[in-house]
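The sequence and structure come first.

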Amino acid sequence: MRPAVDVFSEWADVGKDVGMERGHAPAVIEILNAAFEEMNPSALERGFTVVDAGCGNGWVVRNVTQNKLCDRAVGIDGAKEMIANAESRSGNTKYILADINSFDLDDKFDVIHSMEVLYYLDDPSEIIKKISGLWLNDNGRLIVGIDHYYENVDSHSWQE
């Protein structure tokens, strides 16, 4: 099987990243808004921070930076062309080309978001431990979206 970052770089080259954005947007916006509503008041007072792990073309980062309470948002992705697309569409945002399996953040954040990425990682449970221990502020939120669909053989047992 080809590495996911290669496939997603190709998708970014041909514009499929925009379709991914449209397809994921309703669910992602709903869960992010719920997280912001439940956020620790001190994070809102100082301005909250967000990481989108597996940011694709950066649309989530661009979206959350429009929130006047967002102090900083960072996108991380391993697909070179996705990061290139994100950077070409963004203003005052930061994107990092990195392998989430081995990447470490220098700071902690209030919200870590990831959509359709977890099952591509080498050891998802270890990444979740790393995120909750090293990337996430106390009382922060980890939001992970994972589709349960037929073509994703790994997801067949998720119902149970």
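## Burial and overall build

Of the 160 residues in the protein, 44% are buried, where buried means under 20% relative accessible area, exposed over 50%, and partly exposed in between (1.4 Å probe, protein chains only). The model is predicted: local features need pLDDT of at least 70, side-chain atom pairs count only at pLDDT 80 or more, and totals for chains, interfaces and linings use all residues. Residues are numbered from 1 along each chain as its sequence is written, and side-chain values use heavy atoms, with hydrogens and water left out.

The protein has six helices and five strands; these are DSSP runs numbered from the N terminus (helices H or I, at least four residues; strands E, at least two). Their pattern along the sequence is α-α-α-β-α-β-α-β-β-α-β. The radius of gyration is 15 Å, close to the 15 Å that the globule rule gives for 160 residues, so the protein is as compact as a globular protein of that length. This radius is taken over C-alpha atoms, and the rule is 2.2 Å times the number of residues to the power 0.38. The C-alpha trace spans about 45 × 40 × 30 Å along its principal axes.

Contact here means heavy atoms within 4.5 Å. Among contacts between residues at least 6 apart in sequence, 66% join residues at least 24 apart.

## Cysteines and Thr49

The structure holds zero disulfides, a disulfide being a pair of cysteine sulfur atoms within 2.5 Å. For Cys55, the nearest cysteine sulfur is that of Cys70, 14 Å away. Cys70 is likewise in no disulfide.

Thr49 is found in strand β1 (residues 48-53). Leaving aside residues up to four places away in sequence, Thr49 touches Asp71, Arg72, Lys108, Phe109, Asp110, Val111 and Asn137.

| Residue | State | Relative accessible area |
|---|---|---|
| Cys55 | buried | 3% |
| Cys70 | buried | 13% |
| Thr49 | buried | 6% |
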